Amino acid sequence: MKQENHGAIDNQQLIAIIERIEKLHEETAALAADVKEIFTEAKSAGYDPKYIRQMIRLRRMDADELDEVDELTKMYRKALGL
């Protein structure tokens with residue numbers, strides 16, 4: 001970002017930036033509350049939220065990364081006698 005005012009602060013621009021960030025924080029908090037509500041719903045339906053979170057993490061991985069995780073998990077389980 002080019003600073004043409006040589007150290008002076010553009011108050012309106014700064015306020016606009018801060019307000020945009022604050023709005024995003026509010027939206028993030030609202031989304032987090034929604035996610036929490038869905039996990040509560042899942043738990044009351046008999047699903048374990050811990051494993052739902054794990055499945056979400058696994059679904060984010062590409063196939064190669066997922067294969068690597070599977071192989072490393074098997075290797076560590078075998079080493080531990082599990």
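Start by selecting Ile9, Leu14 and Ile18: together they make a nonpolar surface patch with about 270 Å² of accessible area. (Patch members have over 30% relative accessible area and no salt bridge, and nonpolar side chains are joined within 5 Å; a salt bridge puts a side-chain nitrogen of Lys or Arg within 4 Å of a carboxyl oxygen of Asp or Glu; areas are Shrake-Rupley with a 1.4 Å probe.) What you're looking at is a predicted model, where local features need pLDDT of at least 70, side-chain atom pairs count only at pLDDT 80 or more, and totals for chains, interfaces and linings use all residues. Residues are numbered from 1 along each chain as its sequence is written, and side-chain values use heavy atoms, without hydrogens or water.

Ile9 sits in the segment before H1 and counts as exposed at 59% relative accessibility (exposed is over 50%, buried under 20%, partly exposed in between).

Next, Ile17. This residue belongs to helix H1, residues 11-44 (helices are DSSP runs of H or I, at least four residues; strands are E, at least two). Ile17 is partly exposed, at 33%.

Finally, zoom out to the whole chain. You'll find three helices and zero strands. The radius of gyration, taken over C-alpha atoms, is 23 Å, well over the 12 Å that the globule rule (2.2 Å times the number of residues to the power 0.38) gives for 82 residues, so the chain is more spread out than a compact globule. Its C-alpha atoms fill a box of roughly 65 × 35 × 20 Å along the principal axes, and 4% of the 82 residues count as buried.

Key:
Buried < 20%, exposed > 50% of the residue type's maximum accessible area, 1.4 Å probe, protein only. Patch = residues over 30% accessible without salt bridge, like charges linked within 9 Å, V, L, I, M, F, W, Y side chains within 5 Å.
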